[in-house]
Structure formats: structure tokens, C-alpha cells
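Biologist: I have the structure open next to the sequence and would like to go through some details with you. Can we start with a side-chain contact and move on from there?

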Amino acid sequence: MFKLVSDYKPSGDQPQAIDSLVQGIKDGMKGQTLLGVTGSGKTFTMANIIERVQRPTLVLAHNKTLAGQLYAEFKELFPENAVEYFISYYDYYQPEAYIAATDTYIEKDSSINDEIDRMRHEATKSLLTRDDVIIVASVSCIYGIGEKEDYLSLALMLETGLEIPMDVVMSQLINMQYSRNDFDIQRGTFRVKGDIIDIWTPDSEHTLTRISFFGDEIDRISYVDAITGKTEFTKDYIELFPASHYATGRAKLNKAIDRIEAELEVRLKELREAGDMIAAYRLEQRTRYDMDMLRETGFCKGIENYSRHIAGREEGEPPCTLMDFFPDDFLLFIDESHQTIPQVGAMYNGDRSRKEMLVQYGFRLPSAFDNRPLKFNEFEERMGQTVFVSATPADYEKEHSEQIVEQVIRPTGLLEPEIFIRPVEGQIEDILSMLKEQKKTGDKSLIMTLTKRMAEDLTDFLKKENVRVTYLHSDIKAVERMQILNQLRNDEVDVIVGINLLREGIDLPEVSLLMILDADKEGFLRSERSLIQIIGRCARNDHGRVVLYADEVTDSMMNAVSETNRRRKIQQEYNETHGITPKTIKKAVRDVFDIVAESSREPGSKGRGKSSKGGGIDAAKLINEGVSGGTEEENNKLIDKLTVEMTKAAKDLDFERAAEIRDIIIELKGKR
């Protein structure tokens, strides 16, 4: 049973939202929408629904950072249940590609995070062995992961008292893609010591499964600590799953090789008849090598490109994904659905366009097209009962929801910001006047423009007026972007001018004033949905204000203002009824550059910046100097240290930080 553990009880309009959505699920509604504003406790609402409905649940997020936050929250709310995490296991991923214009082949390059791979295996195992499962996943879950039937058919069931020779168990483990390693056991391997087999299953964090034999009989099944060797507990029965999601039986693999051979002959004939002998030669050499590897080891580099043949699927059939591991009655939450749904819809086309060049020029067989994410209609077929979660539901959610349930009250009492519409004429004087008021209170400000040129020009003008200001747009690299945001929070600048400053993920509670120029220029950045999202991001300060500069009031502006004021009124009434006084959220400033403090300096060397806490150095300055051109030796040392920190951050599920460090490494490598 799902059991929600929390000191908090639903409050505000959470109880009504929970009751309405639960009743909708019980009534068989295919789609519903939870319209929840930022800070209203949407995750807690989802958790209460799961406890009430008691169904396996998939929570889908549009990026790793959001998925990590949701996973941590659900893990805390359901400590007694199986809360799992399923995202792309790459710390770094450069897909295989070919650029015909320059005749450039880019080989697939990736770095797999071992911990995330473990958690992916743990997720699929939980789905197959228990009912109380919540999986938080990124949109990578719509990619093929091998066939569920093969995964189940290769599972090995063992119990005490079973008569089975040790060599038979070892042979079956090898068929399941485990490898024997008696000296350095790690996940996906096993070792043999006398009449004992130690197996490190792919889902286990630090525990070995020990199978003890007495002759040809299993005498004992126990779990032991991988480091200390201490027995943690014993069991009478164990079910072992393959070490790879792409594992398949030998008979099926042999059939797959025959199918690959047949496709290769057809494709080679096409290329030769077209006179493309180079592509034909290239394809034949690569494919025959892969087939040899499959025959000898059951695996080859890029095996996923042959997934259609290995699974026995026909051309165009959808791949098996994580969603196929769920039971038919599972519940689906799509968080930030206005972002996630378009991302799901776009993934197939992006994947297809890249592979067309690879197939055309002989780097891959046409069957590689079927190693792909789900098409959007295929995703819809697998959705089950769905709750879309967003502060600004898009047209898709509205069209596919049988009811839309609002949750617009924040337990903190924070209100949506006040909104003012002012004319374009005299806007510069008005901006200067408001910035002077902000300077007196110490609050921070953001100004949004429509073009990079205007952002830069306005910044130059404000600097001449002695305003502490800087600009931020897409030409500025990720490292500098994080520095600029931290400068604002650390009171080094008072104003940032940019184009899209308040998209999801940027949290600046110090900002109490947002000024939007050209608010009446209809388009993506000035649509109703974008304006509501932007305005809502300024709701972390107890006296937030938004000024829209425009010559006319567009429908998008009118609708955004009306919706914001409606939500503000609801919150005000709730605050008055319950005696709540809104207070600005206090949030510590996290400096990504702290990662290279004391450890970034060799013992006994002189620091290049002022001392920091604990005898470290000015890490931000060190990064700045490194990125802008340190010596090759200094850069190499810094890259090594940063790589360690990036891996650690990813293992700790802090993907935002890991991505920031990765961008620093890329910049440093570019300077070598």
C-alpha cells in the first residue's frame, strides 16, 4: 500500500483539488488538468492523490533538474514505498552524426553515470516485482530500452534446496549479460570462490547476492556487504534480472543476426546500383564487424541500432519503453505539461533527421530508424489516465482534459505581483525613476527586451546614469550566466537586462521589480502563456511589481493581467480569512564556483585570488582566469578536478550543478 508520511496536511485549496482529481480518476476520466501556480504545493497534491488512488504512478518531467527535485520530494513523502528514478544515464552525450557538407563523421561519444544506470535497473525491477511503485522520469523514458518479454524470459529464479549445478547457474548468468570477474567485482559481474557465487546485480547499490552450494544443491541465499563481506540478511528465494535491458536469448539473437544479414544484402545492392561504392564499402565493413561481435559475445557497440531485429519487430513498429513495463491501470502525472508535451512531440523528428544522413551515407542500416523514441500518437496510446500539471496549461491539455482543477493558493501567503501598464513614450525616464526607488530599498530589478541589441544598448545607457547594471542573453556562455545571476543576488549589481530572464528554473527572490518592454509585440515571448509564466516568477517577493510598457493593450496582455489579478484576489481573501502575512522567500545564494576552492590549488602553491573560508581561494576568479586563457598545464589540472566534481554532482542528482561544471570544462578544453 502507498503510505504518505508527512507532518503537513492539505491546506488552502489543496483539499478541493485532491478530492476533485481523485473523483475524476475513479469516474474513469482519461485526462484532467491541475492548474497549480508556483509555490502552491503541487507535489504534495500529487502525493495525496497517489495515496488515495493506490496505483503505480509515472511522474514525467521535461528535464533532469526538475525530475531530480521531484524524486527527492516523493522519496521523502513515501519512505516505505518504491520511489524510483529513471532518466538518461549519460553525464555527457554526443550522438552519432554525419555532416555531408564537410564530409565529417562524428562518432558517438558518451559518459555513462553508473549510479543512474543502477537506478534505471532498480526502476524496472520494482515495476516487475511490486505494486507500490512511483517512478519519476524525464522524457528519455519514451526511448526504447529493450524488450520486456526478453527481460522477463531471461530472469533467473533460484531458491534454497533447488538442485542445479554451479556451472549451469554461471552459464545462465553469462546469457543474462553478466561477466565473470574474480578479482574486481562490480555491478553486472559475478565471481566464484569454491562453492560460492557472488553476484553484483545491476540494481544493487552496495550489496552482493551470495549463492552458496552444497554439491549441486543451493544451500543458502544471502545478501552481503560488497566492501565488508558481512552478511546483512538471508532469503529462501531470489529472482535475478539481466545485467542489461538489451539482453536477449541466444536463439533469438541468432535469428536477429540472420535478419541483419538479409537487410544488409538488400541495402548493399541499393547503394551499388546507385553508384555509391564508398557508402556500400563503409556499411558492409561496419555491419559485418558488429555481427561478428554479436555472434561471439552477444553484444556490440551501438547494439541499440539493431533493436528492431533483436526484438523481432517489423519495420515501423514502436519500441518497448519504460511505459510498457507499467500495468494497464497506471496513473500518469505530466509536470510542467506546457513544456513537457511539446518536448515529447518533438523528440521523434529530431532523432529521425539525424539518422537520415547516417543511413544515406552508409554509416547505418535503415533499421536504425527504429531505434527511436515513441511518436507522439504512440505516446498517447500508452498514456493511461493522465493528470496534466501546469500553471499555464496549453491548448493540448485543455482539449484533452475532462476537467480543469485550480490550485492557486500559496500556503506562504505570497501574492501574485501587482501589474501596471504604462505608455512607451517616456519609458526610459520612468525606468530610471523606478530604479532609483529600488536603490533606496536595496531590492533588485529585471528588465526584459525583445532583442539582444536593445539589451546591450539599454545597459550602456543605464551605466552612464550610474546604475549598477549588466545584460544577459543567449550569446553569453553558461558559466558567465551563472556568475551574473549570482552577482545580482550577492548585491554586486542591481539590475539585469535580458530577453528571457524568468523562464522556469531561475529563482530570484531578491527581485521585486520586473519591467517588460514592447509588451504589446505579439509573439512567443509576449504570448498570454509566456506573460503569465514571467509574471508568476516574480511572486517570490512580498512586494513584487511588474510594469508592462506598451502603446496598446493586446489580447495576450489583457488575458495575462486579468488572470494574474484573479489569482491575486483569491490569495488576498485567503490571507485575510486566515490571518496570514506574506513574507519574501529567503534562499541562500549557491555559488557553483565553490567547487574549486582549496582543492583547486596544489599544496604549497600561491593562490591566484584572495583566501576564502577554510583556507581556499577565490574560486570564481580562478575559473574566470582559467576560462579566459590559463596555461595549458593549469587548464589540464583544472579540467581533471572539475571532471571529478561533475561526476560527484551527477551522482548526488544535482544535475543543474553538473551541467554548469560540464560547460566550464568544455570552455577550458576549447582554450587548450
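Biologist: Which side chain does Thr124 join through a polar contact?
Modeller: In this predicted model, the side chain of Thr124 makes a polar contact of 3.0 Å with the side chain of His245.

Biologist: And where does Thr124 sit, is it buried or exposed?
Modeller: Thr124 belongs to helix H4, which covers residues 114–129, and Thr124 counts as buried because its relative accessibility is 0%.

Biologist: What else does Thr124 touch?
Modeller: Leaving out residues up to four places away in sequence, Thr124 touches Phe86, Ile145, Tyr151, Leu322 and Phe325, as well as His245.

Biologist: Switching to the nonpolar core, which residues touch the most other members?
Modeller: In the largest nonpolar core, which has 36 residues, those are Ile49, Leu70, Phe74, Phe78, Ile134 and Phe333. There is also a second, separate core of 32 residues, and Leu322 is one of its members, as are Ala82, Val133 and Met323.

Biologist: In what sense do S12 and S13 pair?
Modeller: Strand S12 (residues 196–200) and strand S13 (residues 207–214) pair in the antiparallel sense over four bridges, and Asp198 has Arg210 in S13 as its bridge partner.

Notes: Residues numbered from 1 in each chain as written. Predicted model: local features only at pLDDT ≥ 70, side-chain atom pairs only at ≥ 80, totals over all residues. Heavy atoms only, no water. Helix = DSSP H or I, 4+ residues; strand = E, 2+ residues; numbered from the N terminus. Buried < 20%, exposed > 50% of the residue type's maximum accessible area, 1.4 Å probe, protein only. Polar contact = N/O pair within 3.5 Å; in protein donor to acceptor, adjacent residues only side chain to side chain. Contact = heavy atoms within 4.5 Å. Core = buried A, V, L, I, M, F, W, Y, C linked by side-chain atoms within 4.5 Å. Pairing = 2+ DSSP bridges.
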